Amino acid sequence: MMLVDPFRFAGSSPATLEFMGDFLKYEETDAITFSGINLGDPRDDRRIIVTIHVLRASSIPAVVEGYVDGAQATIHSQEVIQFTNTYYGLVGIMTARLPSGNIGSITIKFASEFGAQVRIGVYNAKNIQNDHIFDINSKVSNVTAVEHSLNISVPKDGIVLAACVVGSPNYPVEIEGTVTNYSDIFGDSSYKSAGGGDVIADSDHDYNIVFRLVGGPSFAEMSGVFLAASFR
């Protein structure tokens with residue numbers, strides 16, 4: 001659990017979070033650019049938060065740089081799983097402070113050229129008081145289970161985001177503890193990418209994020225790579 005100064009954000013307005021959409025692209029390159037993305041209403045304290053999902057039938061090079069409409073992003077975390085077959089999955093999160101512009105591009109640069117499916121989830125966050133992430137947690141597991149969970153510290157009036165790439169039967173993923181903004185087949189029906197976010201107005205506390213399959217039998221299990229982060 002992260003210790004929180006109760007007066008750290010005193011007098012500041014609650015954070016807001018708007019989901020702008022998820023986008024999928026396949027290219028053989030070291031830098032994938034998503035163009036014409038709606039970034040939402042601008043403001044001086046606006047951060048664009050991007051969750052990154054990659055699936056490939058062989059190893060995945062690391063994410064080394066990110067840009068949002070030309071502004072360099074901070075890559076806060078990335079985790080990779082090698083599933084029990086030849087497939088690999090990557091999940092990451094990056095943010096950029098972008099006070100102006102409604103429509104823009106998002107570029108993700110990798111350590112080397114490769115071909116893979118890349119999906120991004122895009123969020124417009126405002127009233128974020130700090131350029132640094134507040135707390136982050138991740139899990140990489142080839143153990144199949146009905147659900148996987150992450151514990152994370154979330155400050156009052158802060159935001160939490162979660163993302164995953166899972167190997168599972170053909171059922172969507174629900175992320176309890178957030179609004180599940182997207183849950184899509186990734187590559188083929190054996191893989192899913194999912195992400196979600198929410199504003200947490202409660203007092204500072206540890207928060208549990210649970211990833212589970214929905215719409216299938218209660219015993220349906222999944223393995224995967226899971227990531228959660230909070231901001232204030």
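Me: Leaving aside neighbours within four places in sequence, which residues is valine 54 in contact with?
Reply: In this predicted model, contact means heavy atoms within 4.5 Å, and neighbours of valine 54 within four places in sequence are left aside. On that basis, the residues in contact with valine 54 are Ile60, Tyr88, Gly89, Leu90, Phe110, Phe114, Ala116, Gln117, Val118, Val165 and Phe186.

Me: Which element gives the most to the largest nonpolar core?
Reply: The largest nonpolar core has 26 residues, and Val54, Val68 and Ile106 are those with the most contacts inside it. Two or more residues come from each of strand E1 (16-38), strand E2 (47-56), strand E3 (63-68), strand E6 (88-97) and strand E7 (103-126). With 8 residues, the element that gives the most to this core is E7.

Me: How many residues does the second, separate core have?
Reply: Apart from the core of 26 residues, there is a second, separate one that includes Ala125, Ile128, Leu227 and Ala229. The size of this second core is 21 residues.

Me: Which residue in E14 stands opposite isoleucine 175?
Reply: E11 and strand E14 (residues 205-213) run antiparallel and are joined by 4 bridges. Opposite isoleucine 175, the residue in E14 is phenylalanine 211.

How values were computed:
Residues numbered from 1 in each chain as written. Predicted model: local features only at pLDDT ≥ 70, side-chain atom pairs only at ≥ 80, totals over all residues. Heavy atoms only, no water. Pairing = 2+ DSSP bridges. Core = buried A, V, L, I, M, F, W, Y, C linked by side-chain atoms within 4.5 Å. Buried < 20%, exposed > 50% of the residue type's maximum accessible area, 1.4 Å probe, protein only.
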